[in-house]
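I wanted to look up a few contacts here and jot down what turned up.

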Amino acid sequence: MAILTVGSAFGSRFELYAHEIMAEAFGISTGIIAALAAGGRPEGLNEQEAIAHDVASALVKGHVVPASTYNQAVKVLGQNETGELIFLISGYCLIATVLNGFDMPAPESNG
């Protein structure tokens with residue numbers, strides 16, 4: 001959820017390509033993947049998925065994570081896991097920037 005949210009916000013073609021494949025492998029529905037890749041907040045997310053998306057969405061917009069969102073993340077994920085989520089989002093923002101800096105395309109699809 002978080003990485004697709006980041007990839008979409010940055011328009012990082014390779015990041016979206018790679019993590020759409022991973023999301024599908026983990027059983028995430030194609031509708032949810034498509035909504036995330038298009039920059040939306042998909043319906044049908046479980047509580048963990050929803051809070052990961054909400055935290056990522058705030059951060060990629062350059063905003064402070066609202067206290068209510070942060071507190072919900074801690075409640076749902078745990079304190080350490082919320083910290084890990086924030087670091088993950090930050091790392092993928094960096095990766096997306098580097099990929100975009102070199103205009104890294106997604107591989108051509110054969111089907």
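I started with Asp54 and Arg41, which form a salt bridge with their closest N and O atoms 2.8 Å apart. Asp54 sits in helix α4 (residues 47–60) and Arg41 in the loop between α3 and α4, so this pair ties together parts 13 residues apart in sequence. Keep in mind that I'm working on a predicted model.

Next I checked accessibility for that pair. Asp54 comes out at 25% relative accessibility, so I put it down as partly exposed. Arg41 is partly exposed too, with a relative accessible area of 46%.

How many salt bridges does the structure hold? I get 2. Asp103 and Arg13 also meet through their side chains, at 2.3 Å from N to O. Asp103 lies in the segment after α6 (79–101) and Arg13 in helix α2 (residues 13–25), so here the parts tied together are 90 residues apart in sequence. Is Asp103 buried or exposed? It is exposed, since its relative accessible area of 51% is over the 50% cut-off. Arg13, at 41%, counts as partly exposed.

Then I moved on to helix packing. Helix α1 (residues 2–10) packs with helix α3 (residues 30–37) at an angle of about 40 degrees, the axes being 8 Å apart. I therefore noted α1 and α3 as oblique to each other. Which residues meet there? From α1 I listed Leu4, Thr5 and Ser8, and from α3 Ile33, Leu36 and Ala37. Sorted by type, the residues of this α1 contact with α3 give 4 nonpolar, 2 polar and no charged.

Note on methods: Residues numbered from 1 in each chain as written. Predicted model: local features only at pLDDT ≥ 70, side-chain atom pairs only at ≥ 80, totals over all residues. Heavy atoms only, no water. Axes fitted to C-alpha atoms, helices over the stretch in contact; angles between N-to-C directions. Helix = DSSP H or I, 4+ residues; strand = E, 2+ residues; numbered from the N terminus. Parallel < 35°, antiparallel > 145°, perpendicular 65-115°, else oblique. Contact = heavy atoms within 4.5 Å. Nonpolar A, V, L, I, M, F, W, Y, C, P; charged D, E, K, R; others polar. Salt bridge = Lys/Arg side-chain N within 4 Å of Asp/Glu carboxyl O. Buried < 20%, exposed > 50% of the residue type's maximum accessible area, 1.4 Å probe, protein only.
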